[in-house]
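Welcome! Here is a short briefing to read alongside the structure.

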Amino acid sequence: MAKVRKLDGIIFYQAELEFLKLHFREYSTSLTAASLVTYLLLRSNCDEEGLIREDDFVLKHLTDRYDLPYSSINKGLLRLEELGFVQRVFNNQKHYIQLPLVLRFAIKDDPRKSANLNYFRIPNYIFENSYLNAFIKARDVSGIVGLLDIVNALYRDYSNKSQSKIKRKIQPLLLKMKKSLRSGKDWLKRLLNDGNGLINEVNFDQRDTFGNSVVELRFNSDAFNEREVNPIEEAITAIAKKEIRKHFKNSTIPYKNSELKNCINIFKSDVLVHLHKLPNVLAKDMALQITKNLLVDVLPKTIYAIEHTKTENLPGLFRVRLKGFFNSFINTNEHARTMIRFAYQRNNTEIPPLFT
């Protein structure tokens, strides 16, 4: 399996960015730098529907982790609630923080939508080295909007060409943010952060054929993670995670986010470890179909059984119930059992008794 450089981070929708930019242009004094940074913090913690469990969200922990001013971020959260960018909702006896823009613009399993790159990723590295703190101190709202524009352009360049390098004319760039040359220079300092920020400068002293000053920018190399990647395995894992979260959210089970993460890890170690071998013998669509069939059969039964059992160890009960229903599925599904057995054989590894 080949190692590739991956840019991990927040999936941020193009329409979501355009809405923020439109709001900034129409109501330039309503959004603050702190509220935009707070929004990014919330986005880094929400699920695919823009939901965050209130009892698992501790703002002070995040501000301490990323060296951000708690008072400013807390005010930013209140401002977002006033503007309607954040709402409080109650579902199945659980309290959530809801980001309506995510719910509005998220891809809803529509292949026509997902075929187009209607999102970009904001690298998690944006929170490192107190990078965003400088924008808050300078109250630089337009600077954060400009930063997101650059991240968007760099991610698309990376996605299309496996590169991450763009050129921008200085004057139009500053005009777009309504910045003077002086304030623009201050913004560039914050953007580059002496080489310790998300964005690095490749070449500044450039001019195009018309004599315009041009800056060449790229992502900081530390924003990338190098790891082994199998696209089909990643797709199988993504489907499983989404379904597990959905079933827990729609259940009456009182759970903490840490318990949900443990249950997802149990599913990976007890179930996905077998499904990940399917690409050895099956095309992607067939491997994914077996995964979906298993999830549809096993998860509702597992969740229902947990809902009707008292426990102080949710992950432990999840493992026990999951094992029983997974074994039952394999024993009654000859096609899935045969394909997984063939996959183990193709991989020259010992076949677990369940699949023999």
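There are 13 aromatic pairs here, counting rings of Phe, Tyr and Trp (its six-membered ring) whose centres lie within 6.5 Å. This is a predicted model, in which local features need pLDDT of at least 70 and side-chain atom pairs pLDDT 80 or more, while totals for chains, interfaces and linings use all residues. Residues are numbered from 1 along each chain as its sequence is written, and side-chain values use heavy atoms, leaving out hydrogens and water.

**Aromatic rings**
- Y131 and F135 have ring centres 5.8 Å apart and planes at 80 degrees, so this pair is edge-to-face (planes over 60 degrees apart; under 30 is stacked, the rest tilted).
- One aromatic cluster brings together F12, F19, Y39, F85 and F120.

**The sheet**
- Three bridges join β3 to β5 (residues 94–98) in the antiparallel sense, and R53 has Y96 in β5 as its bridge partner.

**A loop residue**
- K310 sits in the loop between α13 (284–307) and α14 (314–332), helices being DSSP runs of H or I with at least four residues.
- K310 is exposed (over 50%), with a relative accessible area of 86%.

Conventions: Helix = DSSP H or I, 4+ residues; strand = E, 2+ residues; numbered from the N terminus. Buried < 20%, exposed > 50% of the residue type's maximum accessible area, 1.4 Å probe, protein only. Pairing = 2+ DSSP bridges.
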